[in-house]
Amino acid sequence: MNHLDPIRHVRGESQYLDDVPEQHGTLYAAVVESPLAHGRLLAVDASAALLRPGVVRVILAADIPGTNQIGGIVPDEPLLAEGHVHFRGQPVALVLAESEHAAHAALAHVRVDVDPLPVLTDPRVAAAQGELLVPPRTFRIGDSAAAWAGCAHVFEGVAESGGQEHLYIETQGAYAFPTEMGGVRIISSTQGPTAVQRHTAHVLGLGMHQVEVDVTRLGGGFGGKEDQATPWGALAALGAFLTRRPVKLVLDRMADMRMTGKRHPYSSDFKIGLDADLKIVAYEATFYQNGGAAADLSPAVLERTLFHSTNTYFIPNVTATAYSCRTNLPPNTAFRGFGGPQGMFVIESALACAAEQLGVATTEIQRRNLLREGDLFPYRQPAELCHAEQAWDTAAQRFDLPARRREVDAFNQAHRWQKQGLAVMPICFGISFTKTAMNQARALVHIYTDGTVGVSTGAVEMGQGVNTKIAQVAARTLGIGLHRIKVESTNTTRVANTSPSAASATADLNGKATELACRALRERILRLASTELSLDYEGLHIENEQVLAAGKPADSTWEKLVSAAYWQRVSLSENAHYATPDLHFDATTNQGYPFAYHVYGTALTTVTVDCRRGTYTVDAVQIAHDFGQSINPQVDLGQIEGGTVQGIGWMTLEELVYNDEGRLLSNSLNAYKIPDLYSVPPVLDVHFLDTPGHPRAVLRSKAVGEPPLMYGIGTYFALRDAVRAFNPDSTISFSAPMTPEKVLVNLYPEFVGAGKAAAVARG
Ligand code: MTE
Ligand code: HPA
Ligand code: MOS
């Protein structure tokens, strides 16, 4: 069973937003951006732009008929700047023209006068000035302050991780059409159709019933379109509403990179205490999240950092505090892992720091502290059906960790100018939206009279294969062939009030709703069969479209039953609702049971560093992963491979750089390097752990979207291991990404220091 889409993708047949046939009379939109990162917005003068050929209208904040507000969690973000500008690239005005070229050519003719104000880019500086997006949060278990005295070893340090550009292949965009009675219909490249609908309704001063949002598929989202597809949908809709013409708005790559938020960079402090047996007794961490100029999803991302601050280890005394800091960068947002990777990087840094200073292998400390069944996370949920040790031990045995270590050490003995490094990265990721109410979904299933089936849910296909999984759930539950199932576009008029496709929970939530709807339909149809065929209902099944009575073929098929149901006036449609059971979380005590379950796994990474150049290769990533009972091993394997490589990119190549004026310097693919085919480790093994899955996972097939990104963190520590093999005295800071430049500096810190001293001496 494969992913259903790729054949059409590679033939160019799949329809993305920009492939939608354009309607006659369409206007093209381009966005005027703030030229400065912070300042008072004195004036916006569009008169020169309006004289340009083809320009139809320039829309400003004052033209908004409803509320100029698109903040999702905190209402702190205008759609179009008003009064002040808070980041470079902030939308200030929308130019509408008869052609894309005319719209873009007019941008430079809109004058934006800004009186500059001081620019903040550093989260620690922002926190010191009290610039917080929301109040700080602390997760606490035990008493870390009292525990230090009882520790044999205590270590402290600083860890920093950089941002990450989503670089979905399809840039942000939307196409809006005016509808009858003053409404709008929007085709949007969004993970959150309901968010686009809700905010557009507010902006236009309409009821949500007047705004329809439709999504066919995304050319990638990775979290970047969970909340940040909304402005483009709302702007296109605003244009369509005001002109009564269709409006298409698609960002070009560089505009997308400048204007949209990314993974949050973090700067963090840690303190860790161990006993004489290397058991972790206490852990404290303080996280400074670079939130950007508006809250966006930062408070939720911050919370997930705290949820994952102890990764897959049991620690009895923990105090973890997180600050969401307001800076003058584009608002940072969801990105695969949603703050979890940032939290895990810090605890792994603390473990490496302790191991290096104690002169033991990090793996010694990691293995001794893995979660066991029933252990409490700092938020008090117990680890249930815990596979942390199984994942570690399977990886260590299957990929022969002791032999790998010996090989790396032997290689390093034999080579002066090349060094290898090794690291093990165990992961544990909680599955569910941490906002309990968001864990709900609906499915609308129609069986047509010929026996074919249409399924609508709130799930958005973005390459992760959720449509394939939903089709499988429907086919399996109804007992019919996959060819009969069509998964429809995601549309707010068919399935309402949806959560975004995010948190790795899309297949679980929407798949469970689909399962419920299909079960109800199956039951209805089998009841009819029982009457029609005078057979006992209890023994009836449908398998391969054949009706079975007590396991033996009966005289009916799926097609016959469906047709009979129609003529008997039995409903062939069903709308089911699913809400994950048992979840609760109190955001004041930071305790509860927020996750349906956890996903476990362990990766073993080996690298080779060229110690003359600082360049390196990731030689192997070998993973033992907990899929539960995968309903689609091919799709799931693709998620592990893609997620791991994306994580390696975050930890190695991808260096997001803003200058002190808040201008993005890594603003194109020349300056921002993402992994390519050559970055994929030549050995990328994935072993499917033998685990039962979880009853709260769809058909016991566990969520897979985000967890593998965190395997990439192992690459940072493997590189660190290699650098220390070359230069055991190197005092490498815990700072990711570990770019080749950084490797070189860490191989020869004395040289860099001398260079600096010489430069200072020269003045
Ligand atoms: N895989 C592909 N190909 N494209 C994507 O945009 N997004 C990731 C992950 N895998 C993404 C992807 C993110 S951030 C999430 S939360 C999940 O997929 C969302 O889908 P799921 O809930 O169906 O796993
Ligand atoms: N994960 C991903 N997206 C989200 C979450 C979450 O926990 N909460 C709100 N949006
Ligand atoms: Mo994924 S970051 O939850 O869209």
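The lining of the second largest pocket divides into nine nonpolar, eight polar and six charged residues. Here Ala, Val, Leu, Ile, Met, Phe, Trp, Tyr, Cys and Pro count as nonpolar, Asp, Glu, Lys and Arg as charged, and the others, Gly among them, as polar. This is a predicted model, in which local features need pLDDT of at least 70, side-chain atom pairs count only at pLDDT 80 or more, and totals for chains, interfaces and linings use all residues. Residues are numbered from 1 along each chain as its sequence is written, chains are lettered from A and ligands numbered from 1 in the order in which they are written, and side-chain values use heavy atoms, without hydrogens and water.

The pocket has a volume of about 650 Å³. Of its 23 lining residues, Glu160, Ser161, Gly162, Pro265 and Leu656 are the closest to the centre. A pocket is an open set of points on a 1 Å grid over the protein atoms alone, where a 1.4 Å probe fits, with protein on both sides within 12 Å along at least five of seven lines; lining residues have an atom within 4 Å of a point. Grid points are joined across faces, edges and corners, and the volume is the space filled by probe spheres set on them.

Three elements each supply at least two lining residues: α4 (123-128), β8 (153-161) and β13 (266-274). Helices (H or I, at least four residues) and strands (E, at least two) are DSSP runs, numbered from the N terminus. The pocket lies between domain 2 (120-153 + 266-369) and domain 3 (381-432 + 591-763), because both give residues to its lining. The domain bounds come from an automatic or database domain assignment.

Now the ligands. Ligand 1 is surrounded by 17 residues, with Gly221, Phe222, Met462, Thr506 and Gln639 the closest. A surrounding residue has a heavy atom within 4 Å of the ligand. This shell has six nonpolar, nine polar and two charged residues.

Around ligand 2 stand Glu226, Arg304, Phe338, Ser432, Phe433, Thr434, Met438, Ala502 and Ala503. By class, they are five nonpolar, two polar and two charged.

The table lists polar contacts, pairs of N or O atoms within 3.5 Å.

| Ligand atom | Protein atom | Distance |
|---|---|---|
| Ligand 1, nitrogen | Arginine 336, side chain | 3.3 Å |
| Ligand 1, oxygen | Glutamine 464, side chain | 3.1 Å |
| Ligand 1, oxygen | Threonine 506, side chain | 2.5 Å |
| Ligand 2, nitrogen | Glutamate 226, side chain | 2.7 Å |
| Ligand 2, oxygen | Arginine 304, side chain | 3.1 Å |
| Ligand 2, oxygen | Threonine 434, backbone | 3.2 Å |

Taken alone, ligand 2 exposes 260 Å², and the protein buries 97% of that. Ligand 1 alone exposes 520 Å², of which the protein buries 92%. These accessible areas come from the Shrake-Rupley method with a 1.4 Å probe.

Technical notes: Polar contact = N/O pair within 3.5 Å; in protein donor to acceptor, adjacent residues only side chain to side chain.
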